[in-house]
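Open the structure in your viewer and keep the selection tool ready. We will go stop by stop.

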Amino acid sequence: MNLTEEQIQRYSRHIILPQVGGIGQQKLMDAKVLLIGAGGLGSPAALYLAAAGIGKIGIVDFDKVDISNLQRQIAHGNEDIGRWKTESAKNTINGMNPDVEVVEYRVPINAENAMDIVSQYDVVVDGTDNFPSRYLMNDVTVWLDKPLVYGSIFQFDGQISVFKKGDGPCYRCLYPFPPPPGSVPSCHEAGVIGVLPGIVGSIQAAEAIKIVLGIGDPLIGRLMIFEALEMKFHEMKIRKNPECPVCGDSPTITEPIDYEEFCGVQVGV
Amino acid sequence: MTEIQIDQELDIRGEVCPFTFVKSKLALESMDSAKVLRIITDYEPATDNVPRSMQAEGHEVISIADNNDGEWTIVVRKK
Ligand SMILES: [Zn+2]
């Protein structure tokens, strides 16, 4: 373990923790975390992962910063409007912690590139707002045996879980197939209170950090539901579905699929 | 009184809290179990804080001594 004097100062509040210490900090500095999306969820997740000293953060996003993003996407600022979100996020991250290696993927994540990108990381944080990416990330992380920290938001409500093959269910155990396009409100129709992704994305960062450190109880087999209006957290047990098309006993999906592009969240489990 | 064998020494003179504990903890982490660390500090509050935090993490605080020259010596055995 070779922390520099500057790293000792920077991470001292981690090192002091009995559950972290210098050994845990080194694990964080050796870790590689992939963020799918640098939007509402990805912004706070990226910032807290970077502040924690995660060694390498990959960011996949094919969007440019729009003024309508700034109500909630805190990795970007006014001067970033029109820039690639990956570039803007990288700039914000390295402004806070220059030690973090940020890898930009300015591509839409799809059946062609997903396996290759995901295989280079230890943990995946899903901050997508659309079904095709969410299902693709679920399937690929099952096949590559990588923990997936899932989060989604809708108006005032959020959902968080951790899918880890072997230890619990996957997203398809809950929702085997995407709903038909048009049956759920699109992102453009669905409003969201700006602070909501801050809460959900921060919980995702906390789960990713715990997974890297190997401490505590991640949300495996548990779906956490957050309601900002009532200011309540609920939790429901979720079980592995033996008939799951991806992680079940006789899987029917064995190759990455590109579903038709549309976005939204599924409600009512 | 039997002489305690010191395995490693750490000079944290000039450091204040929380870095007195942070650096002591980092030193202990790099040592094997049951080995003994002697810490030299010139920051008096560390003589309370460092042993308390060490004990909280399960290590044995063997002694805390005032060297009477503005410096203190803390001896800890790693759990
Ligand atoms: Zn499944």
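Which residues coordinate the zinc ion? Keep in mind that this is a predicted model. The ion is held by A:Cys170, A:Cys173, A:Cys244 and A:Cys247, each through its SG atom. The distances run from 2.2 to 2.3 Å.

**Stop 1: around the zinc ion**

Stay here and turn the view. What arrangement do the 4 donor atoms make? The angles they subtend at the zinc ion are 94 to 121°, so the arrangement is tetrahedral.

Next, look at the sequence. The donors of the zinc ion are spaced as C-x2-C-x70-C-x2-C along the chain.

Now select A:Cys244 and A:Cys247. Are they buried or exposed? The cut-off for buried is under 20% relative accessible area. A:Cys244 has a relative accessible area of 0%, so this residue is buried. A:Cys247 is at 12%, so it counts as buried too.

**Stop 2: two helices of chain A**

Two packed helices are described by the angle between their axes and the distance between the axes. Select residues 42-51 of chain A, which form helix H4, and residues 85-96 of chain A, which form helix H5. Their axes come within 9 Å and cross at roughly 30°. Angles under 35 degrees count as roughly parallel, and H4(A) and H5(A) therefore are roughly parallel to each other. Their crossing is right-handed. Which residues make the contact? From H4(A), show A:Ala46, A:Leu47, A:Ala50 and A:Ala51. From H5(A), show A:Thr92, A:Ile93 and A:Met96.

**Stop 3: where chain A meets chain B**

On H3(A), the contact is made by A:Gly21, A:Gly22 and A:Ile23. On H1(B), it is made by B:Lys25, B:Leu26 and B:Glu29.

Keep H1(B) selected. How many of its residues are buried? The count is 11 of 11, so the helix is mostly covered. Among the buried residues are B:Phe19, B:Phe21 and B:Lys23.

**Stop 4**

Return to chain A and pick A:Gly24, which lies in helix H3. Its relative accessible area is 4%, so A:Gly24 is buried.

Notes: Residues are numbered from 1 along each chain as its sequence is written. Chains are lettered from A and ligands numbered from 1 in the order in which they are written. This is a predicted model: local features need pLDDT of at least 70, side-chain atom pairs count only at pLDDT 80 or more; totals for chains, interfaces and linings use all residues. Side-chain values use heavy atoms; hydrogens and water are left out. Donors are N, O and S atoms within 2.8 Å of the metal (3.2 Å for Na, K and Ca); water is not among the atoms, so sites may look incomplete. Four donors count as tetrahedral if all angles lie between 85 and 135 degrees; four count as square planar and six as octahedral if opposite donors are over 155 degrees apart and all others between 65 and 115; anything else is irregular. Buried means under 20% relative accessible area, exposed over 50%, partly exposed in between (1.4 Å probe, protein chains only). Axes are lines fitted to C-alpha atoms, for helices over the stretch in contact, and angles run from 0 to 180 degrees between N-to-C directions. Helices (H or I, at least four residues) and strands (E, at least two) are DSSP runs, numbered from the N terminus. Angles under 35 degrees count as roughly parallel, over 145 as roughly antiparallel, 65 to 115 as roughly perpendicular and the rest as oblique. A crossing is left-handed if the near helix is turned anticlockwise from the far one by less than a right angle, and right-handed if clockwise. Contact means heavy atoms within 4.5 Å.
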